[in-house]
Amino acid sequence: MNQSIRIASAPPRARRQISDGIIQRLFIMPTLVLLILWNIFPLFYSLFLSFTQYSHSGKAAPLWIGTGNFDALLSDPKIWAAFAVTGKYALLSVLFQALIGFGLALLLRAKFKASGLLTTLILIPMMLSPVIVGMFWRLIFNPLMGIFNYLLGFRNLATAPIWLKDYALISVVIVDVWMWSPFVMLLCLSGLRAIPDYIYEAAAIDRASPWRQFWRITLPQVAPLLLLAVLFRTIEALKAFDLVMGLTGGGPGNATETVSVALYRMVFQGQARTGTASALAYIVLIVIIGVSNVYIWYLNKMKEA
Amino acid sequence: MASVTGAKRAFAETGPRSPVVESVRVDQVTTAARTGVTVRLIVAIVVACVMLIPVIWMAMTSIKARPDATASPPKVIFTPSLDGFIGLFTNRMQLSAGALATQQQRTDLSFWEKQALVRGMRILGPSKFVGQLRNSLIIAVMSTLLAVTLGLLAAYAFSRYDIPGKGDWLFFILSTRMLPPVVVTIPIFLMYRAVGLYDTHIGMVLLYAVFNLSFSVWLLKGFIDEIPIEYEEAALVDGYSRLQAFRKIVLPQSVTGLAATAVFCLIFAWNEYAFALMMTSEKARTAPPAIPATLGVGGIEWHVIAAGSLLFLIPVVIVTFALRRYLLRGVTFGAIRR
């Protein structure tokens, strides 16, 4: 009711005035109700399902089996394989995105003619629909009619790599790096442009070499934003679904089956193991929360230093 | 200042023809710095071109005829054709020689029908893709309207009032966005099936609206925070009610923020795949899950897929340019402003 002090100065219009308390509730309630119905309730519902044996295609009601689903999942080598694929994919793609994105940011840091236009052009891939991009990259990677091998100079069909068959995971990483390096670049760019010039001037007066300036000024100043970008990308990579579905559909075999794809297959293809899939979804959620907390802890530590 | 006049004096003494080797003036750029900029410009142009190759290739493939699209090695020079777009929008029938001749006699054919006739085909009617594109559009627009309207109200309340536990509420709202879609998909799918929202437009609109709501609250709160509170206070002193002040002061001031938020929500809903794949089948199916699924059957027609993809991506490319000032804000939930 602190605000009532301000309102007290307004002429008395009590008849038409709605109190601030009611406005607050009226404005916030719809949002909270929707979020609770569509996010919190499902979260608890799937927590319940994860402890049951249940298939949504059957008629049987969920049957409580305790931690049975978790036991089964954690002893299933296929699930571990899916986690391994996701981990490898996340590690490789985030690493290259960070390197390339940071490099691009250094390149576009100084404003020059048309730098704004070029920056926007480079940012286009990250705005596109991942599944459609993935779909189209199938043609690009195609050994016969694709331009990827053609531009790389693999003109001999007998020796040219068949990307989506022999290097499927690498292919997904390549497309992901193409799409999301600009994102890292965008964040790094804002970090770089926020570094005040006088720090470099002071360093130049102290005769610090450009190399030393980079390690002692540029990198530490950009690090928090770079880390934030890496955090965002890691979370997204752990959730990887759209791009993989568009590009490989999880194949060939299970070579690119990330956890999300495995989850999708478990529920909507085959025998619809809804209960087990809910348990897997919870494991994914816990992993993501764990990983993000490590990053956030590190980020906070960096800010304190 | 003294050194500048010193340089001037030196210039006057030696005359204009002697080259300027060293300059104390800040605005005189050294040749090294100038070549540096040129090198940067060239490298940046090359990078931008490389990044855009897939998109350009998509545009090229979409206007190829089928044999050109699947030529090996890939063709860079070709005769443009509208086959891809015709294939995308229509269902066609291969005509027999006799029927073809009768059709060719007709003079009342539209431009598109003539184009199809060149390939010996007759257009039967619009393809499924037309409906899917319409679904995409309806669902994206409606969900955006809902997400932005509710988001604006909540953002205003969070920005202007001291709500107990505000930080926690805001964090709660943000955390819902961080949830992997796969985690909430199963229960929402069951929920939707139970109440009959599965494969309906209204179900998808609500789902996307909620999906975008956390984002819209955060982004709009950032924009409203930037509107000086003094404007409203002045209005309140002048006898406006809170709601009037909101409508007449805050709303006009936040138009830019609203537009940027709306466009981001539109893109998210437009591009969304996972929910659409699992929550729709026929009636409310949007384009993203449909382009790989339905266009892929019966011999991959790459020029058709390219046409569909291109059509789907063009609005996003245009919007990216329109939004370039707000991209950073948008992709970081308003956490970073500049």
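In which loop of chain B is B:D199 found? B:D199 is located in the loop that joins α9 (181-195) to α10 (201-225) of chain B. Helices here are DSSP runs of H or I with at least four residues, strands are runs of E with at least two, and both are numbered from the N terminus. The model is predicted, and local features therefore need pLDDT of at least 70, side-chain atom pairs count only at pLDDT 80 or more, and totals for chains, interfaces and linings use all residues. Residues are numbered from 1 along each chain as its sequence is written, while chains are lettered from A and ligands numbered from 1 in the order in which they are written.

The phi angle of B:D199 is positive, at about 60°, although the residue is not a glycine. B:D199 has 16 other C-beta atoms within 10 Å and is partly exposed. In this classification, with C-beta atoms placed from the backbone, a residue is buried if 20 or more other C-beta atoms lie within 10 Å of its own, exposed if 12 or fewer, and partly exposed in between. In chain A, A:R207 is likewise a residue other than glycine with a positive phi, near 60°. A:R207 belongs to the loop between α10 (197-205) and α11 (210-238) of chain A, and it counts as exposed because it has 7 C-beta neighbours inside 10 Å.

Chain A contains 14 helices and two strands. Of its 305 residues, 41% count as buried. The radius of gyration of chain A, taken over C-alpha atoms, is 26 Å, whereas a compact globule of 305 residues would have a value near 19 Å; the globule rule is 2.2 Å times the number of residues to the power 0.38. Along the principal axes, the C-alpha atoms of chain A fill a box of roughly 75 × 65 × 35 Å. Two residues are taken to be in contact if their C-beta atoms, placed from the backbone, lie within 7 Å. Among the contacts in chain A with a separation of 6 or more, 72% are between residues 24 or more positions apart.

Chain B comprises 17 helices and two strands. Buried residues account for 43% of its 338 residues. For contacts in chain B with a separation of 6 or more, the share from residues 24 or more positions apart is 75%.

A kink of about 50° is found at A:A223, shortly before the proline A:P224. The bend at a residue is the angle between axes fitted to the seven residues ending there and the seven starting there. The buried residues of α11(A), including A:V222, A:L225 and A:A229, pack against α4 (77-108), α9 (168-193) and α14 (274-304) of chain A. In α10(B), a bend of about 40° occurs at B:N212. The end C-alpha atoms of this helix of 25 residues are 34 Å apart, which agrees with the 36 Å that should be spanned at 1.5 Å a residue. α10(B) is mostly covered, with 21 of its 25 residues buried.

The largest nonpolar core has 174 residues, and A:C188, A:L263 and B:L207 have the most contacts inside it. Such a core is a set of buried Ala, Val, Leu, Ile, Met, Phe, Trp, Tyr and Cys residues joined through C-beta atoms within 7 Å. Not counting residues up to four places away in sequence, A:C188 touches A:G101, A:F102, A:A105, A:V222, A:L225, A:L226 and A:A229.

Between the chains, 76 residues of chain B are in contact with 79 residues of chain A. Helix α2 (residues 31-62) of chain B gives the most to the side of chain B that touches chain A, with 14 residues. That side has 61 nonpolar, nine polar and six charged residues, where Ala, Val, Leu, Ile, Met, Phe, Trp, Tyr, Cys and Pro count as nonpolar, Asp, Glu, Lys and Arg as charged, and the others, Gly among them, as polar. B:M278, in helix α14 (residues 274-279) of chain B, is buried, with 20 other C-beta atoms within 10 Å. Residues up to four places away in sequence aside, B:M278 touches A:F268, B:T185 and B:F189.

Note on methods. The expected span of a helix is 1.5 Å times one less than its number of residues.
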